[in-house]
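Hi there,

Here is the structure I promised to pass on. Have a look at it first, and then read my notes below.

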Amino acid sequence: MLAWDRECGGPPLTRAWVRLPATRSLGWVSQPATRNAATEQPDPAAEWWTTSDVAAYLGVRVATVSSYRARGQMPAPDMTVGRTHVWHPETIITWHEGRPRPGVGGRPAPEESPGERRPLEPDYAADLLDHACRIAGLNGHNAHLLRIGSNAVYRLAEPVVVRISRSDAQVEGVQRTVGVARWLESADYPAVRALDVEQPIVVQGHIVTFWQAVSDDGDEYANLREVAEILRRLHALTPPDSLKLPPLSPFESARRRIEENDWLTSEDREFLAAKHSELQAKYGRLEFVLPQGVIHGDASVGNVIHDYDGKPVLIDLDRFAIGPREWDLALTAIYYDSFGWHTRQEYETFVRTYGFDVMTWDGYVVMREVREFLMVTWIIQKAGESPEIAAEAAKRIGALRTGASRKDWRPY
């Protein structure tokens, strides 16, 4: 099963089967709108539709319809009595069927309202999943939530994995991720494949993508020889200019994670901000020895898993960039050196297969500091989700302060 985040069969969203609340009727309307019992949709044969009926037909909230009307983005009411606006059903149906299809290719879905963005919690994520699957023509029923981290990741009943971003993701970056997947497929490189649907889709400010599942029975991580082989092949590729891969920007999100975090104490925030500045300066003075080129950005054993045939496949394509190859090699070294998550024999196999030991590079110690610091800024985003994660985050901050061993850091 493709269950990564480091982060459906059926028709697309149409008025024929959107499930929404029942409408009220107007006593003065000769033929009030009624709902089809199977679909809970307003009756297209009714004489009038109220704002509630229009909202049900469009699959949005009543407030959204009111906003459309106020901004002149929909037909004017065919009749208004007091404060009640009504339309002939054919007025709305004709208008809606002529609208550009929403929510696809990075365009917002109709109910998106940035001011109302919410935390990516399970119930909310499930609603986003259902809406996005309808737009994509997939069936979100009986989907299984794999995890919520940088993304909410779902496995559908069919072999499809859906990733739903947090609301601070950028559409351009997700579009590039899909583009990377298409490029790697064209190069016959062993990576996760983006589903052949128009994507990404934006729902309520969250960006949704669809991927072919790699396996059925849970993630089976590759061994370090396979990880090294995958990286060696990747580092030999030349990406097309059309991808516009950005230069590696290691600290891009770290400052925001620190400044916007309401779990941190003021002392911890001040400490992490100072550490951020210190490490930026150290990183800027590094002299790399490997040629720069395409890198994965988060290359570790957790992002290389076995497919249905037991072959290693690279996943989590979000951080592809142009940068120093040492960046991709450092995580495996740190997992061995700092955390003890790999044995010496496993690490030596990795080095022998790739052909370079990043730990022999004189910039490795600074690279290790940077990667550990960024792991701390990642986990503080999740510290409010449970006492266990909060304790892990506090432990990691304490280790940065004191230089304590990292051997007790838990993998996430």
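Let me start with the nonpolar cores, meaning sets of buried Ala, Val, Leu, Ile, Met, Phe, Trp, Tyr and Cys residues joined through side-chain atoms within 4.5 Å. Buried here means under 20% relative accessible area, with exposed over 50% and partly exposed in between (1.4 Å probe, protein chains only). The largest core has 76 residues, and Leu184, Leu272, Leu314, Leu317, Phe320, Phe350 and Phe373 have the most contacts inside it. Its largest share, 10 residues, is supplied by helix α11 (residues 364-379). Apart from this core lies another, of 22 residues, including Leu120, Ala136, Leu156 and Val160. In soluble globular proteins, nonpolar side chains tend to be buried together.

Before going further, some ground rules. This is a predicted model, in which local features need pLDDT of at least 70 and side-chain atom pairs count only at pLDDT 80 or more, while totals for chains, interfaces and linings use all residues. Residues are numbered from 1 along each chain as its sequence is written, and side-chain values use heavy atoms, with hydrogens and water left out. Helices (H or I, at least four residues) and strands (E, at least two) are DSSP runs, numbered from the N terminus. Contact means heavy atoms within 4.5 Å.

On confidence: pLDDT is the predictor's confidence in each residue, from 0 to 100. The protein chain has a mean pLDDT of 85, and 83% of its residues reach 70 or more. Over residues 1-39 the value is below 50, and this stretch has 143 contacts in the model beyond near neighbours in sequence.

Now to a helix pair. Helices α6 (residues 224-235) and α9 (residues 325-337) pack at about 175° with their axes 11 Å apart; axes are lines fitted to C-alpha atoms, for helices over the stretch in contact, and angles run from 0 to 180 degrees between N-to-C directions. Leu224, Leu231, Leu234 and His235 of α6 meet Arg325, Asp328, Leu329 and Thr332 of α9.

Ala321 sits in strand β12 (residues 321-324) and is buried at 3% relative accessible area.

Arg155, in strand β5 (residues 151-155), is buried at 8%, and its side chain pairs with that of Asp216 at 2.8 Å. Gln199, in the loop between α5 (171-186) and β7 (201-203), reaches the backbone nitrogen of Phe210 with its side chain at 2.7 Å.

Finally, the backbone. A cis peptide bond, with omega about 5°, joins Gln199 and Pro200. Gln204 has a positive phi of about 55° without being a glycine, and it is buried at 12%. Asp316, in the loop between β11 (312-314) and β12, has a positive phi near 55° too and is buried at 1%. Most residues other than glycine have a negative phi, and most peptide bonds are trans.

Best wishes

Note on methods: A polar contact is a pair of N or O atoms within 3.5 Å; within protein, one must be able to donate a hydrogen and the other to accept it, and residues adjacent in sequence count only if both atoms are side-chain atoms.
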